[in-house]
Amino acid sequence: MTDRFFTDVQRDALTEMMNLGVGRAASAFSKLVGDEVLLSVPEVSLTTVSDAVAQFTGGESAAFAGVMESFDGFIDGTAALLFPGERSLELVRAVIGEDMPAEEISELEEETLAEIGNIILNNCLATVANALRKRIHTSLPETYRATGESMFPFLADVPADENGVPVTPMLMLVQIDFSLRERDIRGFLAFLIDLKSTEAFRNAIDEYLSELGV
Amino acid sequence: MDGSAAEVLAALDSGVALLDPAGRITVWNPWLARASRIAEPDAIGRTLTDLFADGVAEALLEAVQSATAYGLASVLSQQLHRRPLPLWRGRGPKGEAMEQSILVRPLRGAAHSSGPDGCLIQINDVTTAVRRERHLRDSESALRLRNRAVEASSQGIIIVDATHDDLPILYANPAFTAITGWEAAEVQGRHPRFLHGTDVGQSGPSDIRQAVSESREGIAVLRNFRKDGTPFWNELLVAPVTDSKGRVTHYVGIQRDITARKEAEAERDTALAEVRAANERLSREKTFISTVLETVDALVVVLDRRGVIVSINRAGQLVTGRPEDALVGTRLGDLIPDPKASPFFRLDQGGGTYGALTTQISVPGTEPRWVRWSLTPLSEANGPASFLICTGVDVTERRRAESLLKAEREILELVARAESRDVILENLCLTIEVQMPGCRAAVLLLDDAGKTLHPAAAPNVPPQIRSLMAGVPIGAGGACCARAAFLAQPVYSTQDTPPCWSTPVSTSSSTVLGTVTVLPAELREPQPHERDVMERAARLVAVAVERHRAEERVRYLALYDPLTGLANRTLLGDRLDSAISHARRHHVSAALLFIDLDGFKAINDTHGHNAGDEVLATIGRRLSGCIRDCDTAARIGGDEFVVLLSEIAYPGDAEQVANKVLDAVRRPVSWNELDLSVGASIGIALYPDDADTADTLLTRADDAMYTVKQSGKGAVRRSTSLVQI
């Protein structure tokens, strides 16, 4: 089924690349924490910011915390790891092996969260770039906190067209499940791709697919 | 690098290194040189591996690789990597290992170039932050632990502000809510006393106030009220909390709902008190009943259906002469000599319905007792009677007393009927033997001289013993009866052979007449009732003997002259008749001497009646001395005497006696140093020669005496012939 951004084939290729990237991130994690970390991607969806906002604000948890970094290269945009409520802190504690109830995130924990996001996002972006034989640069990760409504606009300045109508960028939402040290934590990866990069992205995927003979 | 850039790098409080796409160091700022102890000149142009070998973390090398090869920026967080490079804080050769957080950033050569980039490594010293966080975390976790303890405690905990007069509650834990029903939000800001409700004036709060004023913990049990108004017992501990300057800032109140405990205690106390009271009541009643049972004189015996003794009281044990343990388990019927009585004491044989009866009870070693029984069947819970309560009264003494009384009455009747003394005394002995089974009784009487005892009655005493009793001289050292008579008190000897008990028989004027002597079957002391029997018998003997003596006296007075002791006219008449009958039967002679004193009236007139009486008494004795036992001397008038000679061989014998009498009369009689002299005129009449009837014999003798008087007195004359002296 073709959505407004990608064909099914394109989306399948993208999903495959995301799975690959997340897989690499999981292995990097496992190495880092000396314990098995399982990451899985049950769902990849492509949507618009406004649709996503509507989806998230309708949910139970309005507050989100996470890590974001911007990228540029063959596509520009912002990548983010999102957790509802205090799950981000819970994830940090799970990674460093501390068993404490979530309360407030400390300075060092925030840094750790940044690294966790960095690893996942870098792996995903690098995998995509690698697959598409393109080059991409990432910025240093930053932690952030936002409520549902301001979440995505916060990630990127949503531009307006000549007529002042907001141009809705493409949003690739990847649901991601962490399973480590007997804990299961669900989060999202959000790739906000500038509208002007969309075409380049689509072309790159097509190139990739044609090379694979699809 | 221009000068200002170098200055910036030198001034930075973090390590900065630049690496070219091949990983070679191009910039090594002074911070990094200081922390790594590697001078900038030594670092430039070399890779991190060159500088630190294994000391560099693989993650850092990978990050450098990611940055240079793919243009990816990386963070190496302190928590996940700790010290990716061997860096040191402070100066000196070693210093403290540095906790690091590292940022690796790609440095783009040309925009959108696809060639490798250089990268910038920025190292921040987060040692202090780590330390701070660790400390924070430690205290936080300690606090959290404490909080959790407070929250999880099953004891209600409140914290109040001690700096405020109203002691407002700042905190209340969930257990407080569970106990009191008050939510923390509802009680915050309130004085804790609201828990007391209307129950003011408890001493607990002041105890606690006293304690906390001395900066120590106070504990008290208070009656508090829940939100729903129900009371509960609150064991409250209040501890003051002081700040670093020793000022009390808070009070922590720890409450425990001990209502259940209190109630359980109260219930237990009540139950205990009830049990105790019941026990006391029971024990009082039991003690009372058992005291009554043990002290009453009545026998109380409880029998089961088969008549077996279940319990017997002290009186029962005394009467039967057996201890309880010898009685319990045996049949009461076995103690009763009469076999016909046994079924009355057995419920299983229809007993217990007669109410009352009197039976004997055998007593070992002594005679049976008489018991009058009341029988009451006892049933439990309306079932068939399972026990027979036998209440008995020992009527032995009463029966004895009754029978003794009856015997006494019989004896007294004998006395009243003037039965002969010996018959009465024999009856008395038999009565004694009935009253004292197994014993033999005798009555011993003193002789006239009061010196020796003689058996007056001893119907069942063996002859050889009876002969031992004859003529026993009384005295303090003699036989039992001799002592009793001598001492005028009972002697119960167990040393004599045979054993012997004696009770003196005394007149109303305390003169000892003799003894009642009992020979028991075995060597023992008499029982009280036996002593009683003997004493009563002794009194009866005294009555019988005295009565006998009084009769003897009456008879004597009727037949004898009290002054001279000679027969009177009546007795003389009897004797004369007897003598005539005898003489007639045996064809022998009898003689009658009629004696009239001469000169007696003169003595009476001159010296008085006393002198006359003395003369008469003396002459009476002299007359008695002149005749044989078979003869009779009698005084028949003032100075007239008659002597009956019941059998004479020759008529001259009478004259011989008359002359002897004449001489005896003539002998002077001493009276108050005077010699008084009388004479006698004596007339003799012979049977059958002079007369053949008593009256004529007397008349003839009187006539003969009168003839003597007429012819000068002082002579003897036979009625047919006059004998001149």
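Q: Before we look at the sheet, what makes two strands count as paired?

A: Two strands pair if DSSP finds at least two bridges between them. Keep in mind that this is a predicted model. With that in hand, look at chain B, where five strands form an open sheet in the order 9-8-12-11-10, with antiparallel pairing.

Q: Which strands form the edges of that sheet?

A: They are strand 9 (169-172) and strand 10 (218-225) of chain B, each of which pairs on one side only. From one strand to the next, the twist averages 25°.

Q: How should I read the pairings inside the sheet, and how many bridges join strand 8 of chain B to strand 12 of chain B?

A: Start with a general idea: in a regular strand the side chains alternate between the two faces of the sheet. Here, strand 8 (residues 156-161) of chain B pairs with strand 12 (residues 248-257) of chain B over six bridges, in the antiparallel sense.

Q: What about strand 11 of chain B, and how many bridges join it to strand 12 of chain B?

A: Strand 11 (residues 231-242) of chain B runs antiparallel to strand 12 of chain B, and nine bridges join them. One place to check is B:Glu235, which stands opposite B:Arg256 in strand 12 of chain B. These two strands form a hairpin with five residues between them, and there B:Gly246 takes a positive phi near 85°.

Q: Let's move to the nonpolar cores. Which residues touch the most other members of the largest one?

A: The general idea is that in soluble globular proteins, nonpolar side chains tend to be buried together. In this model the largest nonpolar core has 86 residues, and those touching the most other members are A:Ile120, A:Cys124, A:Leu125, B:Leu60 and B:Val104. Helix 4 (residues 107-131) of chain A contributes the largest share of this core, 11 residues. Another core lies apart from it, with 52 residues, including B:Ala567, B:Leu616, B:Val678 and B:Ala704.

Q: What is B:Val104 in contact with, leaving aside its neighbours within four places in sequence?

A: B:Val104 is then in contact with B:Ala63, B:Val64, B:Ala67, B:Ala73, B:Ser74, B:Cys119 and B:Ile121.

Q: And helix packing: at what angle do helix 1 and helix 6 of chain A cross?

A: Two packed helices are described by the angle between their axes and the distance between the axes. For helix 1 (residues 8-33) and helix 6 (residues 195-211) of chain A, the axes come within 10 Å and cross at roughly 85°. Angles of 65 to 115 degrees count as roughly perpendicular, so helix 1 of chain A and helix 6 of chain A are roughly perpendicular to each other. From helix 1 of chain A, A:Val9, A:Gln10, A:Ala13 and A:Leu14 meet A:Arg202, A:Ile205, A:Tyr208 and A:Leu209 of helix 6 of chain A. The residues of this contact divide into six nonpolar, one polar and one charged.

Q: How many residues of chain A are in contact with chain B, and which element gives the most?

A: In this model, 22 residues of chain A are in contact with 23 residues of chain B. On the chain A side, helix 4 and strand 4 (136-138) are the elements that give two or more residues. Helix 4 of chain A gives the most, with 11 residues. That side divides into 10 nonpolar, seven polar and five charged residues.

Q: Finally, how many helices and strands are there in chain B?

A: Chain B has 23 helices and 31 strands. Of its 725 residues, 35% count as buried.

Technical notes
Residues are numbered from 1 along each chain as its sequence is written. Chains are lettered from A and ligands numbered from 1 in the order in which they are written. This is a predicted model: local features need pLDDT of at least 70, side-chain atom pairs count only at pLDDT 80 or more; totals for chains, interfaces and linings use all residues. Helices (H or I, at least four residues) and strands (E, at least two) are DSSP runs, numbered from the N terminus. Axes are lines fitted to C-alpha atoms, for helices over the stretch in contact, and angles run from 0 to 180 degrees between N-to-C directions. A nonpolar core is a set of buried Ala, Val, Leu, Ile, Met, Phe, Trp, Tyr and Cys residues joined through C-beta atoms within 7 Å. A residue is buried if 20 or more other C-beta atoms lie within 10 Å of its own, exposed if 12 or fewer, and partly exposed in between; C-beta atoms are placed from the backbone. Two residues are in contact if their C-beta atoms, placed from the backbone, lie within 7 Å. Angles under 35 degrees count as roughly parallel, over 145 as roughly antiparallel, 65 to 115 as roughly perpendicular and the rest as oblique. Ala, Val, Leu, Ile, Met, Phe, Trp, Tyr, Cys and Pro count as nonpolar, Asp, Glu, Lys and Arg as charged, and the others, Gly among them, as polar.
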